[in-house]
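Subject: Structure for your review

Dear colleague,

Please find the structure below, together with the sequence.

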Amino acid sequence: MNGHLEKKPGMNEQVTTNGQIPVASKEKKKPNIVQRVANKIVWFFETGFERIGVLISTHPWKTILISTIITGLFCIGAGVNFTETNDNSVIWVPSDAEVVAHKKYVESAYPSTTRFFYLMLVNSNVMTQTSIQNMYNAYETITNLSTGSTNYSTICQKSGGNCLVTSVLELWSYDSTTIAGLTDQSIKDDVNNTITSPLYKSPWEASKYLGGRTVSGSEITAASAAIITFFIDIDDDNKTVAEAWEQLALDTAKNGFQGFDITYYFATRSRSDEAGDAIRKDVSLLSAGYFLVIVYLFIVLGRLNCVEQRIGLSLAGIIVIGMSIGFSFGLSSAAGWEYGPLHSILPFLLLGIGVDDMFVVVGSYQSLSHHELSLPLNERMGKLLRHAGVSVLVTSVTDILAFGIGATTTLPALRSFCIFACLGILGLFSLAITFFLACLTLDIMRTEQGRNACICCYKQKPDYKPNACSQRNLFNTVLRKYYTKILLKLPVKIGVVVITLGLLGLNIWGFYSLKQDYDDNWFFPTDSYAYEFNEMKDKYFPGGGASGGVYCKNIDYFNSKTKFETLYNQTTSNQYIATGSVDSWFQSYTDWLETNPAAAAGKVTNNYPNTEADFADLLYTFLNNENNGKRHLREVVFQNNSGTLDITTTYVSYQHTVFDTASDEIVAMDAMVELVKGIFSETECFPYSRLYLQWETNKVIKSELFRNLGLASACVFVITLVLIANLWTSLLVFTCVIMTLVDVAGIMHLWGLSINIVSCINLVIAIGLAVDYSAHIGHCFMTFVGDRNERVRATLVEMGNPVFSGGFSTFLAFILLAASKSYVFTTFFQIFLLVVVFGLFHGLVYLPVLLSWIGPSAYTTADRRYKDEDLETGDSKGPALHGHDNLAMKTNISNGRASEPPPDYQHKDLPYIPPPDYSPPTKPRSQDNGRVSRMNGLFMS
């Protein structure tokens, strides 16, 4: 106990000297400046909360009304300015990343109006005449679909006057007569010998359209899958028309096609439909979890009899959570923050934190001393909030700070989520100490008046007695009689520390081994058609790496011949670029000038244009009149089509190789950025791919995660230090939070989870939850006097039930998500399960063991001491949590006597309370008719 117990006015002057009785000649050690500041902080918060508790309980109805009105005003913001976004290309990408600016430029220069519908047909061999005919029939079925006046021909993307549909059927120009006359051998010949599409005049490669190929030598003899891609070209104003046709095509493909074993299908709309539905479908599971928590509240907060059920109080707790959600959504929306796809887990985060706060408040009332319970109701509620207010404040402020650190991230989705969470927790804290405390006051008034819990206007008869079963607290009995006694045995303490350190060592390795990875397909339900299509596409057509391009702005193209040649050569030889995938309009243009000198007569010298105007004129002719140039037509944008031609923007396309991990993708992206920067200035050209948005997120997510965890953990320590006002206790709580995070991350690796945006958000949430389980225990320990083991037992008896109930209710809220098909929610379930398990372990097992060995001395304001009333006869009452002003301690009982004071004890008007570490000499217990004499729970000698 650091060798002393600070003096409290009106209390015994005590100095703990290895269990010896204090001696008058020894001068009491004065607290240093740090201790005095800590004492002032503790006094300030405890006194402040006590006054708030008295005020609120004096005016409960006014408090409820004012809280409701203020919360309602904030909720208006959600109705006025609520906005939702599902644009993954924006919300998951760092707001300051260059790729965001590149995306905006590309979309303005090359507005994308292309949509897709994919059809993948699978059987034993799709290269037979029968299969080709059936494939054509499927093609016709899709192209003939119509919704009102819209059919495929009215919305398709054109290429050379034909609707663009890529497949093996291109080889026969989708001509029914030609296809009907094919033979198995002619199909093999055409597939193996064709290199240019006869319909679109573009390069044709069998591997892009035929999957599961059987090869004999260099010849493809069979294939088990074929893919048909329907291109749709429609602007955003008519997007609903295209979406309606896509939905009709999806519904048609769902029924399959004759001649094929199975059909897989996918459309542009599938991404938002299926990914969004995955989360929306599982909201029902979360709602069921909410119901489980409500039932649990009914059971735990009250007792199963007509008066003490506390149904109204349980509903008030749920209303508090609902009000905090409205407060968060309203204020965040009013400030302009957008609601994202991951915000759907926010209500359940607030549920877990809010229920924990309620258990602490109710548990503190149940732990008031006999004297405190004899005070008027408003003073009782003041004493309650004096104990519970600081504990709830510690966890709330640390949670807010943890999410506040998360709000400084560069990832918009995480930043928005953390803002919503901060405001929600602020609302929870404010309403827990106002609205909920007022409701608890009214509920206690109802109980004391003997009014029925369900029908408050009905007053029970004067002779009503609650059933005996409802008066038992089995959980507290287990804690007091068994758990605390077993936990505090030396062999058990050693075992706990060994197990904790063993888990820590294993999970440090797991944390170190945690990989960074990301897959778009994770966000589709595993039983959805979108998930199956992507899985089969990877199986049958694995060769497609990310497509990209080097985009150049309005630069001097005429004098950039050497730069573009260098770009082509270096990109072609780059190890991260697929062989043969680089397609440069500039290279094709200069090749045409060399092979067609007559077409450029008078405008070239040494096969290159004479002037900038000649360069633009000849390029325009090449792109619009030459077959090889037409395929580059979209890649070059002219400011006008007549007079002086001016090139505004261009791009050179390429395709990456296939990468195994997200780390490889990041390396490849950075390599292309450096390659282009080595040739052009950053204001001239840049590489861009839509997948670079995702890769950029992966690039920063690991550093963002460690940054957020590190800063949040540091801030959690500082806040717990300020509010708990004890360095040693704060350090012990902090180590529990860190070990919980390490254990969670380590098991994530063993379960096959990786570092990505979803797990990153969940780990930030984990900080807020992990601190709750330990901070309550650490703060409560400081409010008891006695030796360390006594204080640990008192802490677990008072705070063990609320902490466990808070963790268990959080577990109930998301337990049904174990059956989810959504990656977001299954990851949420796995990580939260780990947080609850390890958080409770460190808070209720490991931390008490540490405190029993190396816990600091109590606050100077501490006025409670624990004594167990277990009697030899087996007649036991609940644990007595006695204050120093407890009336039972101000008198002696005739059949026993209290501990004798030392000879130099000067405060004759006050009962002597032995030092916390003092153990009186063993004396025979006095017997009275076979029963042990006692003084209100204190064993008598």
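Two strands are taken to pair if DSSP finds at least two bridges between them. Helices (H or I, at least four residues) and strands (E, at least two) are themselves DSSP runs, numbered from the N terminus. The model is predicted, so local features need pLDDT of at least 70 and side-chain atom pairs count only at pLDDT 80 or more, while totals for chains, interfaces and linings use all residues. Residues are numbered from 1 along each chain as its sequence is written, and side-chain values use heavy atoms, with hydrogens and water left out.

The sheet

Under that definition, S12 and S16 pair in the antiparallel sense over 6 bridges. One of the residues involved is Gly-548, whose bridge partner in S16 is Tyr-654. Both strands belong to an open sheet of 4 strands, in the order S15-S16-S12-S17, with antiparallel pairing. At its edges are strand S15 (636-638) and strand S17 (685-688), each of which pairs on one side only. On average, and with direction ignored, neighbouring strands of this sheet are turned by 15° against each other. The axes behind such angles are lines fitted to C-alpha atoms, for helices over the stretch in contact, and angles run from 0 to 180 degrees between N-to-C directions. Contact here means heavy atoms within 4.5 Å. Helix H22 (residues 612-625) lies across S15 and S16 and runs at about 120° to S15.

Helix H20

Helix H20 (residues 561-572) has 12 residues. From its first C-alpha to its last it reaches 17 Å, close to the 16 Å expected at 1.5 Å a residue; the expected span is 1.5 Å times one less than the number of residues. Which residues of H20 are buried? They are Phe-564, Leu-567 and Thr-571, where buried means under 20% relative accessible area, exposed over 50%, and partly exposed in between (1.4 Å probe, protein chains only). These residues cover an arc of only 55° around the axis, which puts them on the same side of H20; the arc is that of the directions from the helix axis to the C-beta atoms. In general, an α-helix has 3.6 residues a turn, so residues three or four places apart point the same way. What covers the buried residues of H20 includes strand S12 (547-552), helix H21 (585-595), strand S16 (647-655) and helix H24 (662-677).

Thr-566 also has its place in helix H20, and with a relative accessible area of 27% it is partly exposed. Thr-566 and Ile-679 are 113 residues apart in sequence, yet 7.6 Å apart in space, C-alpha to C-alpha.

Salt bridges

The structure holds 15 salt bridges, a salt bridge being a side-chain nitrogen of Lys or Arg within 4 Å of a carboxyl oxygen of Asp or Glu. Among them is the pair of Arg-386 and Glu-46, whose closest N and O atoms are 3.3 Å apart. This pair links distant parts of the chain, with Arg-386 in helix H14 (residues 377-406) and Glu-46 in helix H1 (residues 33-58), 340 residues apart. Both Arg-386 and Glu-46 are buried.

Arg-310 forms a salt bridge with Asp-443, with 3.1 Å between the closest N and O atoms. This pair also links distant parts of the chain: Arg-310 is in the loop between helix H10 (270-301) and helix H11 (311-334), Asp-443 is in helix H16 (residues 435-448), and 133 residues separate them. Arg-310 counts as buried at 11% relative accessibility, and Asp-443 counts as buried at 7%.

Because Glu-565 and Lys-561 are 4 residues apart in H20, they are separated by about one helical turn. Glu-565 is partly exposed, with a relative accessible area of 29%, and Lys-561 is partly exposed with a value of 29%. Elsewhere, salt bridges that share partners join Glu-46, Glu-50, Lys-383 and Arg-386 into one network.

Backbone angles

Ser-173 has a positive phi of about 55° although it is not a glycine. Ser-173 lies in the loop between strand S6 (165-166) and helix H7 (176-180) and counts as partly exposed at 33% relative accessibility. Asn-606, likewise not a glycine, has a positive phi of about 55°. Asn-606 is found in the loop between strand S13 (604-605) and strand S14 (608-609) and counts as exposed at 74% relative accessibility.

Yours sincerely
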